[in-house]
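Here's a quick briefing to read with the model open beside you. It goes through packing, strands and the metal site in turn.

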Amino acid sequence: MREITALGYVVVSGSDLDAWSTFGQHGLGLQLNSPADGEDPDTVYFRVDDRSWRFAVERGADGGLVALGFEVASDADLTRLCARLAAAGVATTEAPALAGKRRVGRLVQATDPSGVHLEFFCGAAIDRAAFVSPTGARFVTGAQGVGHAVMSVADLAASHFFYQELLGFRLSDVIVLGGAFEIYFTSPNRRHHSLAYVAPPGAPGGRLEHVMLEVDDLDVVGRALDYCLDNKVAIRSMLGKHTNDHMVSFYCISPSGLAIEYGWGGREIDEESHQVNRYDASSYWGHRPPDGRSVEQEIREMLGAGRE
Ligand SMILES: [Fe+2]
């Protein structure tokens with residue numbers, strides 16, 4: 001049983017909201033949609049489509065993940081999801097005040113096995129004004145949700161049970177990096193992955209590793225990369241193509257330290273015909289750090305550091 005339809009929104013925290021506002025609009029092509037009446041001065045809201053918002057930055061610690069918002073289609077589905085979570089011993093809390101702040105009809109809070117705050121919601125607000133990107137970007141959203149999130153988890157087995165068994169996410173495939181640690185790619189819809197998780201050696205669980213936003217035009221990705229290089233936005237990985245989801249993307253470091261993957265061309269998964277494969281590399285080509293080291297070298301050095 002799968003009530004969740006998509007990763008509907010992501011809320012992160014950061015200390016410099018002005019810098020995020022500039023970067024979000026002119027770097028990523030997001031449309032600022034914070035309330036004009038100052039009702040929520042400590043949150044920057046961004047649109048990527050017809051929704052009132054799908055990505056927000058709350059004033060707080062740099063690099064923090066405030067919540068992943070998972071969407072269900074209806075009130076009845078949300079009730080059914082809560083009942084199944086309760087039967088499995090997962091506590092859920094109705095949060096009507098937070099639903100108002102998030103501009104959704106109903107919102108239930110829960111915590112995943114790594115302590116990540118999850119918000120299950122239905123009834124997202126649609127804006128009457130058309131989405132207009134400052135850079136002309138058109139984002140791939142709709143039934144595929146806002147994009148994807150990748151996070152570290154404390155306990156792989158507990159995460160498998162929670163996301164795949166309880167929430168019913170499909171496992172798309174597994175990448176084994178450096179022959180040492182596995183990344184699991186999951187989704188409730190046709191997007192190759194809405195949530196990927198990994199238990200990297202020496203890293204704490206519950207940390208947001210990156211968020212991916214997908215546009216429908218490779219030129220928009222290239223222009224965003226130019227913006228980053230022109231404006232001294234740090235690049236984590238140069239342009240490359242991922243093995244499993246075929247995304248052509250680069251990774252930059254946002255003003256709060258969170259890495260943003262900005263990509264084009266991700267493949268969709270047809271569950272009727274899909275087979276779960278394993279890969280021994282994350283990219284067919286590229287995704288090198290800016291100093292030009294190979295990804296394999298970067299991973300070897302990271303694994304070496306993790307053992308110290
Ligand atoms: Fe990604």
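This is a predicted model: local features need pLDDT of at least 70, side-chain atom pairs count only at pLDDT 80 or more; totals for chains, interfaces and linings use all residues.

Residues are numbered from 1 along each chain as its sequence is written, and side-chain values use heavy atoms, with hydrogens and water left out.

**Cores**
- Phe120 belongs to the largest nonpolar core, which has 63 residues; Phe55, Leu68, Tyr163 and Tyr262 join Phe120 as the residues with the most contacts inside it.
- A nonpolar core here is a set of buried Ala, Val, Leu, Ile, Met, Phe, Trp, Tyr and Cys residues joined through side-chain atoms within 4.5 Å; buried means under 20% relative accessible area, exposed over 50%, and partly exposed in between (1.4 Å probe, protein chains only).
- Helix α5 (residues 218-230) supplies the largest share of this core, six residues; helices (H or I, at least four residues) and strands (E, at least two) are DSSP runs, numbered from the N terminus.
- Domain 1 (4-122) and domain 2 (147-307) both give residues to this core, so it lies between them; the domain bounds come from an automatic or database domain assignment.
- There's also a second, separate core of 13 residues, with Val11, Val66, Ala95 and Leu98 among them.

**Strand β8 and its partners**
- Five of the six residues of β8 (residues 117-122) are buried, so the rest of the structure largely encloses this strand.
- β8 pairs with strand β5 (residues 64-72) in the parallel sense over four bridges, and Leu68 stands opposite Leu118; two strands pair if DSSP finds at least two bridges between them.
- With strand β7 (residues 106-111), β8 pairs in the antiparallel sense over six bridges, and here Ala110 is the bridge partner of Leu118.
- β7 and β8 make a hairpin with five residues between them, and Gly115 in the turn has a positive phi of about 90°.

**The 10-strand sheet**
- What's the strand order in the open sheet of 10 strands? It runs β17-β10-β11-β12-β9-β13-β16-β15-β14-β18, with mixed pairing.
- β17 (277-279) and β18 (283-286) sit at the edges with a single partner strand each, so one side of each has no neighbour in the sheet.
- From one strand to the next, the twist averages 25°; axes are lines fitted to C-alpha atoms, for helices over the stretch in contact, and angles run from 0 to 180 degrees between N-to-C directions.
- Helix α4 (residues 156-166) packs on the sheet, touching β9, β10, β11 and β12, and its direction makes about 165° with that of β12.
- Strands β14 (residues 235-242) and β15 (residues 248-253) run antiparallel, joined by four bridges, with Lys241 opposite Val248.

**The iron site**
- His148 (NE2), His210 (NE2) and Glu261 (OE) are the protein donors of the iron ion, 2.0 to 2.2 Å from it; donors are N, O and S atoms within 2.8 Å of the metal (3.2 Å for Na, K and Ca), and water is not among the atoms, so sites may look incomplete.
- Along the chain, the donors follow the spacing H-x61-H-x50-E.
- His148 in β9 and Glu261 in β16 (residues 259-264) are 113 residues apart, and both are buried.

Notes: Contact means heavy atoms within 4.5 Å.
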